[in-house]
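Here is a short report on one protein chain. Have the sequence and the 3D view open as you read.

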Amino acid sequence: MKNMINYARKRSGHSMAEKLCAEIVAAYNNEGGAFKRKEDMHKMAEANKAFAHFRF
């Protein structure tokens, strides 16, 4: 939700309701800033999972 709101604020549009609506529709269609951020975070977590057994 935090990413959705942040990326909705960055969109161009008239009102926050329109911006948020556009971001929700973009996320539903697997596109947009919030969806990309989520995918990047999941990829990073998968990559770091291999090193979880190490103790520093």
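Glu46 is exposed, at 52% relative accessible area. Exposed means over 50%, buried means under 20%, and partly exposed lies in between, with a 1.4 Å probe and protein chains only. Glu46 sits in helix α3, residues 33–49. Tyr28 is 18 residues away from Glu46 in sequence, and their C-alpha atoms are 23 Å apart.

A word on the source. This is a predicted model, where local features need pLDDT of at least 70, side-chain atom pairs need 80 or more, and totals for chains, interfaces and linings use all residues. Residues are numbered from 1 along each chain as its sequence is written, and side-chain values use heavy atoms, without hydrogens and water.

Next comes Asn30. Asn30 is found in the loop between α2 (16–28) and α3. Its phi is positive, about 60°, although Asn30 is not a glycine. Most residues other than glycine have a negative phi.

| Residue | Place | Relative accessible area |

How many helices and strands does the protein have? It has three helices and zero strands. Helices (H or I, at least four residues) and strands (E, at least two) are DSSP runs, numbered from the N terminus. The radius of gyration is 15 Å, well over the 10 Å that the globule rule gives for 56 residues, so the protein is more spread out than a compact globule. That radius is taken over C-alpha atoms, and the rule is 2.2 Å times the number of residues to the power 0.38. The C-alpha atoms fill a box of roughly 50 × 20 × 15 Å along the principal axes. Of the 56 residues, 11% are buried.

Lys10 lies over the face of Tyr7, 5.0 Å from the ring centre. A charge sits over a ring if NZ of Lys or CZ of Arg is within 6 Å of the ring centre and within 35 degrees of the ring normal.
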